[in-house]
Amino acid sequence: MLSVPQAVTLVESRRRLGQRIVFTNGVFDLLHPGHVRYLQAARGEGDVLIVGINSDRSVRGNKGPSRPIMPEHERAEVLEALTCVDAVVVFDEATPAAIIEALQPDVLVKGADWAADAIVGSDVVEARGGRVVRIPLAAGYSTTSILARLRAE
């Protein structure tokens, strides 16, 4: 897990090598095949994939007191184990706006469930000539549905 300054250093060094930086973000609680497919597709948009994950406090603020199921350091560890993920950065704010501003990625990826005009950071990325990519979600997978099934048992 990298700090924001460490992630900025990584971006600068990889960009000097001519590599394209991709950023995405989310909670990534209870990692499932939908997450893996999404992250693999995100990595396919560039050379380096940096994943921002909401801190535990940020998740509680966005999703309520019963989330996250897995603490931020465990979510980061699982994501870092995926070969498609180059780095993970935790952010404590409600949105990833500040980290996107700091990293200045070449490609910003979000799920297609996000309206194009609702994607935080799209203005920053597009202002520097970057792209915003909306990736279709794999049908039948969501942490919320997994939790609902567990609660029903």
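**Entry 1: the core**

Which residues of the largest nonpolar core touch the most other members? I found Leu39, Val51, Leu79, Val85 and Val109, out of 18 residues in that core. A nonpolar core here is a set of buried Ala, Val, Leu, Ile, Met, Phe, Trp, Tyr and Cys residues joined through side-chain atoms within 4.5 Å. Buried means under 20% relative accessible area, exposed means over 50%, and partly exposed is in between, with a 1.4 Å probe and protein chains only.

Before going on, I noted the ground rules: this is a predicted model, in which local features need pLDDT of at least 70 and side-chain atom pairs count only at pLDDT 80 or more, while totals for chains, interfaces and linings use all residues. Residues are numbered from 1 along each chain as its sequence is written, and side-chain values use heavy atoms, with hydrogens and water left out.

Back to the largest nonpolar core: Leu39, Val51, Leu79, Val85 and Val109 touch the most other members. H2, E2, H4, E4 and E5 each supply at least two residues of this core. Apart from it lies another core, of 17 residues, among them Val8, Val11, Ala87 and Ile100. The labels H and E are DSSP runs numbered from the N terminus, helices (H or I) having at least four residues and strands (E) at least two.

I then listed the contacts of Val109, a contact being heavy atoms within 4.5 Å. Leaving out residues up to four places away in sequence, Val109 touches Val22, Phe23, Thr24, Asn25, Tyr38, Ala42, Glu45, Val133 and Ile135.

**Entry 2: the sheet**

In what order do the five strands of the open sheet stand? I read E3-E2-E1-E4-E5, with parallel pairing. Strand E3 (87–91) and strand E5 (131–135) are at the edges with a single partner strand each, so one side of each has no neighbour in the sheet. From one strand to the next, the twist averages 25°.

Two strands count as paired if DSSP finds at least two bridges between them. Strand E1 (residues 21–26) and strand E4 (residues 107–111) run parallel and are joined by three bridges; Val22 has Val107 as its bridge partner in E4. E2 and E3, also parallel, are joined by five bridges, and Gly52 stands opposite Val89 in E3. E3 is mostly covered, since four of its five residues are buried.

**Entry 3: helix H4**

Next I followed H4 (residues 72–80). H4 lies across strand E2 (48–54) and E3, and runs at about 160° to E2. For such angles, axes are lines fitted to C-alpha atoms, for helices over the stretch in contact, and angles run from 0 to 180 degrees between N-to-C directions.

Which residues of H4 are buried? Arg75, Ala76 and Leu79 are. They are on the same side of H4 because they cover an arc of only 100° around the axis, the arc being that of the directions from the helix axis to the C-beta atoms. The buried residues of H4 pack against helix H2 (33–43), E2, helix H3 (56–63) and E3.

Val78, also in H4, counts as partly exposed at 35% relative accessibility. Val78 touches Leu31 and Met70, not counting residues up to four places away in sequence.

**Entry 4: salt bridges**

How many salt bridges does a search of the whole structure find? I got seven, a salt bridge being a side-chain nitrogen of Lys or Arg within 4 Å of a carboxyl oxygen of Asp or Glu.

- Asp29 and Arg67 meet through their side chains at 3.1 Å, N to O. Asp29 is in the loop between E1 and H2 and Arg67 in the loop between H3 and H4, so the pair ties together parts 38 residues apart in sequence. Both Asp29 and Arg67 are buried.
- Arg43 pairs with Asp86, with the closest N and O atoms 3.1 Å apart. This pair links helix H2 to the loop between H4 and E3, 43 residues apart. Arg43 is partly exposed at 24%, and Asp86 is partly exposed at 32%.
- Asp92 and Arg57 also form a salt bridge (3.1 Å, N to O). Asp92 is in the loop between E3 and helix H5 (97–103) and Arg57 in helix H3, 35 residues apart.
- Arg15, Asp106 and Arg128 are linked in a network of salt bridges.
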